[in-house]
Amino acid sequence: MRIRSALTRAAALGAAAVLAATALTACGDDGGTSEAANPYGLLQAGVLRAGTLTDAPPNVYLKDGKFTGFDNDLLTAVAAKAGLKVEFVGTDFSALLSQVNNHKFDVGSSSITITEARKKTVDFGNGYDFGYFGLDVPAGSPITGFDQLAGKRVVVVQGTVQDDYATRENLNPVRVPDYNGAVNQLKAGTADAWIAPAEIGDKSAADSNGKITVAAKQLSPAPTAYAVAKGNDKLREALNKALDEVIADGTWSKLQAQYYPGRPIPADFKPGSGTVAVPSPSAAS
């Protein structure tokens, strides 16, 4: 009986040693496999979690419960080239960049203009679009240009380059959290003008049943790009590479024609790395 008990104890100790060794090996394998399966440090391997807006057509918005718009459709195509799926989540623009850098989102998609100040919070990929400032006013307003805004009640969305512009021009702007808030101020007559991304301003005016008109436009000083957390060079480089691929295959041109029909492209604007030929919409179709 004593011999049998000793053998039993030895077998148990041997089994425990094998299990411990297996566990250690498995831990090592998981670490390597995890890094290989998630090379871009995403919140979920294979899924690009994108912070975006819900109310800024034609750039980023919800339609029938689905996130769409030029920026988001382009990001979906870019992600596919990189072997990733996109999960869009709505947020406020004023919080978006900090949420990207704090890893609540892997990427920010919202016609984000590259500025030196924003580079302190996030890193940017290559520019994929240009933009204009639009000046929306209530119907019947005497305002016809940006040079007539001094002393007026000017509304902007907080944290945008339009906010930067209005602040720089000493306009003492009224800041709202989203584009719907700006539109509502114009409709209610509580603001004299709204400095908006031009395409969003155009769409808002068209949908206002004649209550809002576009008074003027001017070219924005810098391109728009996707934002990633500071130091995430692998993701940024992968998105840059994939962006060049969707430019080369005509997707970028198709989406430009779809969302901005008739909008002229500045002669000096080159999307992506600037090294890829851009097919015309007709050649891409």
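Biologist: Which residue in S3 is the bridge partner of Asp 55?

Modeller: The model is a predicted one. In it, Tyr 61 of S3 is the bridge partner of Asp 55.

Biologist: What makes S2 and S4 edge strands?

Modeller: The open sheet has three strands in the order S2-S3-S4, with antiparallel pairing. Strand S2 (55–56) and strand S4 (66–68) each pair on one side only, and that makes them the edge strands.

Biologist: Why is Ser 204 called buried?

Modeller: Ser 204 has a relative accessible area of 15%. The cut-off for a buried residue is under 20%, so Ser 204 is classed as buried.

Biologist: Where is Ser 204 found, and which residues does Ser 204 touch, not counting those up to four places away in sequence?

Modeller: Ser 204 is found in helix H6. With residues up to four places away in sequence not counted, Ser 204 touches Asp 136, Val 183 and Trp 194. Helix H6 (residues 198–206) also has other buried residues, including Ile 200 and Ala 205. Among the elements that cover the buried residues of H6 are strand S8 (132–138), helix H5 (179–188) and strand S11 (193–197).

Biologist: Why are H2 and H7 called roughly perpendicular?

Modeller: Helix H2 (residues 70–81) and helix H7 (residues 233–248) pack at an angle of about 110°, and their axes are 8 Å apart. Angles of 65 to 115 degrees count as roughly perpendicular, so H2 and H7 receive that description.

Biologist: Which residues make the contact between H2 and H7?

Modeller: H2 contributes Leu 74, Ala 77, Val 78 and Lys 81, while H7 contributes Leu 239, Ala 242, Leu 243, Glu 245 and Val 246. By class, the contact has seven nonpolar, no polar and two charged residues.

Biologist: How do you know that the buried residues of H8 line one face of the helix?

Modeller: In helix H8 (residues 251–259), the buried residues are Trp 252, Ser 253, Leu 255, Gln 256 and Tyr 259. Seen down the axis of H8, these residues fall within an arc of 165°, so they line one face. In general, an α-helix has 3.6 residues a turn, so residues three or four places apart point the same way.

Note on methods:
Residues numbered from 1 in each chain as written. Predicted model: local features only at pLDDT ≥ 70, side-chain atom pairs only at ≥ 80, totals over all residues. Heavy atoms only, no water. Buried < 20%, exposed > 50% of the residue type's maximum accessible area, 1.4 Å probe, protein only. Helix = DSSP H or I, 4+ residues; strand = E, 2+ residues; numbered from the N terminus. Arc of directions from axis to C-beta. Pairing = 2+ DSSP bridges. Contact = heavy atoms within 4.5 Å. Axes fitted to C-alpha atoms, helices over the stretch in contact; angles between N-to-C directions. Parallel < 35°, antiparallel > 145°, perpendicular 65-115°, else oblique. Nonpolar A, V, L, I, M, F, W, Y, C, P; charged D, E, K, R; others polar.
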